[in-house]
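Visitor: I am new to reading protein structures. Could you take me through one part of this one slowly, and show me how that part sits in the whole?

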Amino acid sequence: MAGRSDDEFLRSKQKIRESTTHSLQILNETLCIGIETTEELDRQAESLERTEKNVDRINHDLDSSKRMMNVIKSPFHALLSSSSSKKSDDAADVKRSKKSLEYGIVRPKTKVHFTVASKCQPQQH
């Protein structure tokens, strides 16, 4: 009888070991997927930030262009353009539109970095 319970105990111990090994493999795979997902989301966030900066710069340039077009379409533009004060205003508009090329937003950025001792491969035991 004692030999039988020892065999059952060893089989049970082996099953627990195999189950634990399998669980660790799944855990490692899940961790790797999480890390890869985090890295991809970080790349996408950077891309979205660049896109947002470009859209903001484009909107700023469009606003400047609309103001300049309204000045040009003004019925008094011909009268005003001959005065020297208007020329200095036009020069200021041109200077502002050149500055708009440098327009951008700076946002605080939070990055998450992971360090994993093993390559993201299932561990073989």
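Guide: Let us look closely at helix H1 and then step back to the chain around it.

This is a predicted model, in which local features need pLDDT of at least 70 and side-chain atom pairs count only at pLDDT 80 or more, while totals for chains, interfaces and linings use all residues. Residues are numbered from 1 along each chain as its sequence is written, and side-chain values use heavy atoms, with hydrogens and water left out.

The protein chain has three helices and zero strands, in the order α-α-α along the sequence. Here helices (H or I, at least four residues) and strands (E, at least two) are DSSP runs, numbered from the N terminus.

Helix H1 covers residues 2–73, and Ser64 is found in it. Is Ser64 buried or exposed? Ser64 counts as buried because its relative accessibility is 4%; buried means under 20% relative accessible area, exposed over 50%, and partly exposed in between (1.4 Å probe, protein chains only). Its side chain makes a polar contact with the side chain of Arg67, at 3.1 Å. A polar contact is a pair of N or O atoms within 3.5 Å; within protein, one must be able to donate a hydrogen and the other to accept it, and residues adjacent in sequence count only if both atoms are side-chain atoms.

Helix H1 also holds Glu40 and Arg43, three residues apart, which is about one turn of the helix. Their side chains meet in a salt bridge (2.8 Å, N to O), and the structure holds one salt bridge. The term means a side-chain nitrogen of Lys or Arg within 4 Å of a carboxyl oxygen of Asp or Glu. Side chains of opposite charge can pair when their charged atoms come close. Glu40 is partly exposed, with a relative accessible area of 33%, and Arg43 is partly exposed too, at 46%.

Now for the whole chain. Of its 125 residues, 6% count as buried.

How far can you trust the picture? The pLDDT is the predictor's confidence in each residue, from 0 to 100. The chain has a mean of 76, and 58% of its residues reach 70 or more. Confidence is highest in H1, at 93, and lowest in helix H3 (residues 84–100), at a mean of 54. Over residues 100–109 the pLDDT is below 50, and this stretch has 14 contacts in the model beyond near neighbours in sequence, where contact means heavy atoms within 4.5 Å. Where pLDDT is low, the predicted coordinates should not be read in detail.
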